[in-house]
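Thank you all for coming; I would like to walk through one model with you this morning, going slowly from the contact between the chains to some individual elements. Please have the sequence and the coordinates open as we go.

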Amino acid sequence: MNLPIYLDNNATTPMDPRVLDAMLPYFNQKFGNAASRNHAFGWVAEEAVDYAREQVAKIIGASEKEIIFTSGATEADNLAIKGVFEMYKDKGNHIITTTTEHKAVLDTCKHVEKLGARVTYLPVQADGLINLQELEAAMTGETILVSIMYGNNEIGVIQPIREIAAIAHKYGALFMTDATQAVGKIPVDVIADGIDLLAFTAHKIYGPKGVGALYVRRKGPRVKVTAQMDGGGHERGMRSGTLNVPGIVGFGKACEICMQEMESEAKRLSALRDKLQASLLELEESYVNGNVAHRLPHVANISFKYVEGEGLMMAMKDLAVSSGSACTSASLEPSYVLKSLGLSDDLAHSSIRFGLGRFTTEQEVDYAIAVTKKSVTHLRELSPLWEMFKEGIDLDSIEWAEH
Amino acid sequence: MAYSDKVIDHYTNPRNVGTLDKSSSKVGTGLVGAPECGDVMRLQIQVDDNNIITDAKFKTFGCGSAIASSSLATEWLKGKTIDDAMKIDNMDIVEELALPPVKIHCSVLAEDAIKAAINDFRVKNGLEAIASEKAHH
């Protein structure tokens, strides 16, 4: 076992060696521009892109003509929301999203608000799921787009996608989902799920960074987005720019591997995650954040009360995890996702996200359990809050000086 | 973000972790910060009849820099008179621990904790609390 141990697979994943092997020839031997139509170098590159487009389409049950390659999920989110708003703004100006979306969606919504959109940010329930009645109540004749993520990046909660899509369609709106964390981890099917636009990326599924895709439905209804990048008219005019051939080849290979291994891998990872979670919940005053029944198989977000997350990560220096404590950021505000669940700031500061992945072993999980338990216990010995809790002092009764 | 060696040293081997009897008239206790902000420091001093700090203890809920700042503060307090201790400036802590700008608030909190502990001791012993001239951020 090599240290440190990587348990931050929601941030990014290591590239699978099989993906790297598939990509390598396209850097120097098969380096052609996929848009060069008049020589063999271009044809070879185009063929590779076509093949990858099929692999990428297949993992979400789409047709290859519905895939627009982008630089990643952030660009796909931008293209979907800005592109739909521009294309359909004569039909209406209302967009619905949630407060727990990734910043790529939230900040893009903020952007279109400045251009005249009206955006509803639906709150979530204490378990991280949206309330479908609230969604339906928010729908209006002006609603052109509902954008709700598939699986959450911080807590792994999976939203009721089919029900959301049905509500959006009932009111004539398009349904878009940021499925960055879900694709490749759980079955995603744009037809069965009723998805009109879907953003995802390669580097969360053991592919390379710098390549992602937007699925844009072509039938029932035919969805159009206004291009946000102008130029040579690549990707059926929706996203200009020379295609990142090695990246796209890697993205395709990554999707193919996920298709083959998803079922067994999801079982393996959820067993490991459940072991990790059960062991850590043996610690007093530790809590899982988010719904555990509707959750991605590889994620556990746990708060260890009376211990601050960043301090804890420093104690667990052999574990690469992430925390909802934003002590490292200039804002000092803890995670907005955890706060949306109604978590108090102190519990949000005390949270750690464990993200397991394809290369995580049971031995690593056992090590992570031991290190986390030891570190939490150690830091509680240092914590005045833990001492007060143990003495039976109600921390809410103290007048804290906010600084 | 990389931590300085001194922060890591204090964090890994914190000095003077513990609890003094807060009901004793010879003990001053400062509890500063707030759980919602992710930082709470409790700093305690034991003062002898010559107003010299003979012992100092801390417990801190916070990041590595907050723990290191309070650990360092307890080291500096021991052996000082309460008047000299009042002069400890947060920027001395910033310098000693090489704290980056985003962590300066940890040193401010440590200075606040020192002053709160001294003032608690002063009030307990019939002296006036000394107002801090520093504006809080």
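How many residues does the contact take from chain A, and how many from chain B? Bearing in mind throughout that this is a predicted model, the contact takes 26 residues from chain A and 26 residues from chain B. On the side of chain A that touches chain B, the elements giving two or more residues are α10 (309-315), α12 (345-349), α13 (362-382) and α14 (384-390) of chain A. Sorted by class, that side of chain A has twelve nonpolar residues, with seven polar and seven charged ones beside them.

Let me stay with one of those elements, α13(A), which has 21 residues and reaches 30 Å from its first C-alpha to its last, close to the 30 Å expected at 1.5 Å a residue. Buried in α13(A) are A:Glu364, A:Val365, A:Ala368, A:Thr372, A:Ser375, A:Val376, A:Leu379, A:Arg380 and A:Leu382. If you look down the axis of α13(A), these buried residues fall within an arc of 140 degrees, and so they line one face of the helix. On the other side of α13(A), by contrast, A:Glu362, A:Gln363, A:Ala370 and A:Lys374 are exposed.

Stepping back to chain A as a whole, we find 14 helices and 13 strands. Its radius of gyration is 22 Å, close to the 22 Å that the globule rule gives for 403 residues, so chain A is as compact as a globular protein of that length. The C-alpha trace of chain A spans about 75 × 50 × 35 Å along its principal axes, and buried residues make up 53% of the 403 residues. As for the contacts in chain A between residues at least 6 apart in sequence, 73% of them join residues at least 24 apart.

Now to the strands of chain A. Strand β3 (residues 94-98) of chain A has five of its five residues buried, so β3 is largely enclosed by the rest of the structure. Both of its faces are covered, with A:His94, A:Ile96 and A:Thr98 buried on one side and A:Ile95 and A:Thr97 buried on the other. Five bridges join β3(A) to strand β4 (residues 118-122) of chain A, and the two run parallel; within β4(A), A:Tyr121 is the bridge partner of A:Thr97.

Elsewhere in chain A, four strands form an open sheet in the order β9-β10-β13-β12, with antiparallel pairing. The edge strands are β9 (286-288) and β12 (322-323) of chain A, each of which pairs on one side only. Strand β10 (residues 299-304) and strand β13 (residues 351-355) of chain A are joined by five bridges and run antiparallel, and A:Asn301 has A:Arg353 as its bridge partner in β13(A).

One residue deserves a moment by itself, namely A:Thr108, which sits in helix α5 (residues 103-114) of chain A. Is A:Thr108 buried or exposed? With 24 other C-beta atoms within 10 Å, A:Thr108 is buried. Leaving aside residues up to four places away in sequence, A:Thr108 touches A:Asp77, A:Asn78, A:Ile81 and A:Lys82.

Finally, chain B: its helix α5 (residues 104-124) has 21 residues, and 17 of the 21 are buried, so α5(B) is largely enclosed by the rest of the structure. After α5(B) comes B:Gly126, whose phi is positive, near 75 degrees.

Key
Residues are numbered from 1 along each chain as its sequence is written. Chains are lettered from A and ligands numbered from 1 in the order in which they are written. This is a predicted model: local features need pLDDT of at least 70, side-chain atom pairs count only at pLDDT 80 or more; totals for chains, interfaces and linings use all residues. The radius of gyration is taken over C-alpha atoms; the globule rule is 2.2 Å times the number of residues to the power 0.38. A residue is buried if 20 or more other C-beta atoms lie within 10 Å of its own, exposed if 12 or fewer, and partly exposed in between; C-beta atoms are placed from the backbone. Two residues are in contact if their C-beta atoms, placed from the backbone, lie within 7 Å. Ala, Val, Leu, Ile, Met, Phe, Trp, Tyr, Cys and Pro count as nonpolar, Asp, Glu, Lys and Arg as charged, and the others, Gly among them, as polar. The expected span of a helix is 1.5 Å times one less than its number of residues. The arc is that of the directions from the helix axis to the C-beta atoms. Two strands pair if DSSP finds at least two bridges between them.
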